[in-house]
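Please examine the sequence and the three-dimensional structure shown below.

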Amino acid sequence: MPVQAAQWTEFLSCPICYNEFDSSGHQPISLGCSHTVCKTCLHKLHRKACPFDQTPISTDIDLLPVNCALLQLVGAQVPDVQPVSLSSAAEVENYEVSKVCVEELALYLKPISGAKGVANLSPSVLSRPMQRKLVTLVNCQLVEEEGRVRAVRAGRSLGERTVTELILQHQNPQQLSANLWAAVRARGCQFLGPAMQEDALKLVLLALEDGSALSRKVLVLFVVQKLEARFPQASKTSIGHVVQLLYRASCFKVTKRDEDSSLMQLKEEFRTYEALRREHDAQIVHIAMEAGLRISPEQWSSLLYGDLVHKSHMQSIIDKLQSPESFAKSVQELTIVLQRTGDPANLTSLRPHLELLANIDHNPDAPAPSWEELESVMLAVKLVVHGLVEFIQNFSKKSHDAPQPQANSKYKTSMCRDLRQQGGCPRGTNCTFAHTQDELEKVCSPRFTYSAL
């Protein structure tokens, strides 16, 4: 029976015996499937297959190379020479160059401190998504064909994320927010702020979760009437735009009637709040992508929820909406951005390497790369990641810290119940409800408009 894989941050220890990797009894051995296990545990396996996904181990365990990238991260002695069974000197050279590239990239994961075998990655100059993708590459085993296929795919993924990070670094968060809501409004939709939008979606669900079919007019009136007590500014127009957003997301089954308005029924798969909210969020992210906007998971969490807790949720939506063509499109967008800024860091020099990575076949059935292709991909990945790090350290005008929750005070449309009833709020500045009359007046003022978001 397969063993449960460890968390990705626990890549410095064996996921079977939990001992930190070292250069003696617990040498890290990466398999073709990209799982890494210590040599002692590999020799104890009852059958010659990966204990996590049961992929057969075709090479003798003693002939598989030690993962030197991981050894250097735990401060262990790295062997000078490791013999590998390859057919020519040229292949050995390609392998060695590729291996050194991965080892140099791994240094960006160097832990500052942390529990044994668990890397404390927070202080890294690289964002969490970059770190995770880099861990995937570091665990690829380059000797076997399957490992090389995985390494090339991991390199492509790192390159794609690098482009996104560079575009994000060049964007103005305030202007980005204005452009996003303008794009949403241009499609006849609307976002009312985290608290009000959540209540509106829950009321849509309340009206339709039992399979009822209502006309758009009746549904909108129901939501407005229920919302008015907490949100006096709720209107048929604004709620109609929220319903339109769900309609664009294909959440409804629409039944047309002769000489009467159509009936809208919530599709069965969206009759829970989690499912409906995910589809709602995905539609807004899709609109942003159509408009050429690149928004980080932290920014999305702040914009849509008024907190920073939903980063992983938003990252999973972004990942799902990525298409094979989006990488090449992002490279073009980055080029345009650099032309506008004057490119003081000479990031344009990375374009050939990014295009090489964008042209990698992402298909799981794609043929294995040649040794020359592997070397060129690993060199390209090293250069683009290094370029990103250099830019962040020397040219970036903003840190990787996520947007501060206070920036969303304009979304606070009603007073906090905990503060009113108990005299204090456990959520503090992360609360999406107003704590002072000033915060409330920002949104209740007649001058407040949706474009202010």
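Does Val389 count as buried or exposed? At 4% relative accessibility, Val389 counts as buried, where buried means under 20% relative accessible area, exposed means over 50%, and partly exposed lies in between (1.4 Å probe, protein chains only).

This is a predicted model, in which local features need pLDDT of at least 70 and side-chain atom pairs count only at pLDDT 80 or more, while totals for chains, interfaces and linings use all residues. Residues are numbered from 1 along each chain as its sequence is written, and side-chain values use heavy atoms, with hydrogens and water left out.

**The chain as a whole**

- The secondary structure comprises 17 helices and five strands; helices (H or I, at least four residues) and strands (E, at least two) are DSSP runs, numbered from the N terminus.
- The chain has 453 residues, of which 49% count as buried.
- Among contacts between residues at least 6 apart in sequence, 66% join residues at least 24 apart; contact means heavy atoms within 4.5 Å.

**The nonpolar cores**

- A nonpolar core is a set of buried Ala, Val, Leu, Ile, Met, Phe, Trp, Tyr and Cys residues joined through side-chain atoms within 4.5 Å.
- The largest nonpolar core has 70 residues, and Leu137, Leu357, Met378, Val381 and Val385 touch the most other members.
- Helix H15 (residues 371–394) supplies the largest share of this core, 12 residues.
- A second, separate core has 29 residues, including Leu203, Leu208, Ile239 and Tyr273.
- When neighbours within four places in sequence are left aside, Val381 is in contact with Leu105, Leu137, Gly155, Leu158 and Leu357.
- Val389 is also found in helix H15, and, not counting residues up to four places away in sequence, Val389 touches Tyr108, Val125 and Leu126.
- Val389 and Tyr108 are 281 residues apart along the chain, yet their C-alpha atoms are separated by 9.1 Å.

- The 25 residues of helix H5 (residues 145–169) should span 36 Å at 1.5 Å a residue, and the end C-alpha atoms of H5 are 36 Å apart, which agrees; the expected span is 1.5 Å times one less than the number of residues.
- H5 is mostly covered, since 20 of its 25 residues are buried.
- H5 and H15 pack at an angle of about 25°, with their axes 9 Å apart; axes are lines fitted to C-alpha atoms, for helices over the stretch in contact, and angles run from 0 to 180 degrees between N-to-C directions.
- That angle makes H5 roughly parallel to H15, a label for angles under 35 degrees, whereas those over 145 count as roughly antiparallel, 65 to 115 as roughly perpendicular and the rest as oblique.
- H5 passes H15 in a left-handed crossing, meaning that the near helix is turned anticlockwise from the far one by less than a right angle; clockwise would be right-handed.
- Residues making this contact include Gly155 and Leu158 of H5, and Met378 and Val381 of H15.

**Helices H3 and H4**

- Helix H3 (residues 89–106) and helix H4 (residues 128–138) pack at an angle of about 145°, with their axes 10 Å apart.
- The crossing of H3 and H4 is left-handed, and the contact is made by Val102, Leu105 and Ala106 of H3 and Leu134, Leu137 and Val138 of H4.

- Arg248 lies in helix H9 (residues 236–248) and, at 30% relative accessibility, counts as partly exposed.
- Leaving aside neighbours within four places in sequence, Arg248 is in contact with Arg187, Cys189, Gln283, Ile287 and Glu290.
- The 18 residues of helix H10 (residues 273–290) should span 26 Å at 1.5 Å a residue, and the end C-alpha atoms of H10 are 26 Å apart, which agrees.
- The buried residues of H10 include Tyr273, Gln283 and Ile287, and the partners against which the buried residues of H10 pack include H9, helix H6 (173–186) and helix H7 (194–208).

**Positive phi angles**

- Most residues other than glycine have a negative phi.
- Ser34 has a positive phi of about 80° although it is not a glycine; Ser34 is placed in the loop between strand S1 (28–30) and strand S2 (36–38) and, at 16% relative accessibility, counts as buried.
- Glu259, also not a glycine, has a positive phi of about 55°; Glu259 lies in the loop between strand S4 (252–257) and strand S5 (260–266) and, at 87% relative accessibility, counts as exposed.
- H10 is followed by Gly292, whose phi is positive, near 75°.
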